[in-house]
Amino acid sequence: PSGLSVSIGGTMVPVLGYAAVDGFAGLDQCNIGPLPRSLAGRGNVNVVLSAGTKTANTVNVSIK
């Protein structure tokens, strides 16, 4: 998908697809992956999703 990018802990990850979620106005789902092995054991990292010039709220996840 063009114009959509995701980084986890500063590492770009592939975007597999995205779509609106039926029954939930304004909610979209984004599927990413596979995650690179370089993220293994990183602990708390930021997930940053950008669409064109807009960036969504940053999410923090823990990767074991």
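A nonpolar core is understood here as a set of buried Ala, Val, Leu, Ile, Met, Phe, Trp, Tyr and Cys residues joined through side-chain atoms within 4.5 Å, where buried means under 20% relative accessible area, exposed over 50% and partly exposed in between (1.4 Å probe, protein chains only). The model is predicted, so local features need pLDDT of at least 70 and side-chain atom pairs count only at pLDDT 80 or more, while totals for chains, interfaces and linings use all residues. Residues are numbered from 1 along each chain as its sequence is written, and side-chain values use heavy atoms, with hydrogens and water left out.

The largest nonpolar core has nine residues: Leu4, Val6, Ile8, Val13, Val15, Leu39, Val45, Val47 and Ile63. Strand β1 gives the largest share, three residues. In soluble globular proteins, nonpolar side chains tend to be buried together.

One member of this core, Ile63, belongs to strand β7 (residues 59-63). Ile63 counts as buried because its relative accessibility is 16%. Beyond four places in sequence, Ile63 is in contact (heavy atoms within 4.5 Å) with Ile8, Leu39, Ala40, Gly41, Arg42, Gly43 and Val45. Phe24, in turn, is 39 residues from Ile63 in sequence and 29 Å from Ile63 in space, C-alpha to C-alpha.

Ser7 sits in strand β1 (residues 4-8). With a relative accessibility of 15%, Ser7 also counts as buried. Its contacts, apart from neighbours within four places in sequence, are Met12, Asn46, Val47 and Val48.

How values were computed: Helices (H or I, at least four residues) and strands (E, at least two) are DSSP runs, numbered from the N terminus.
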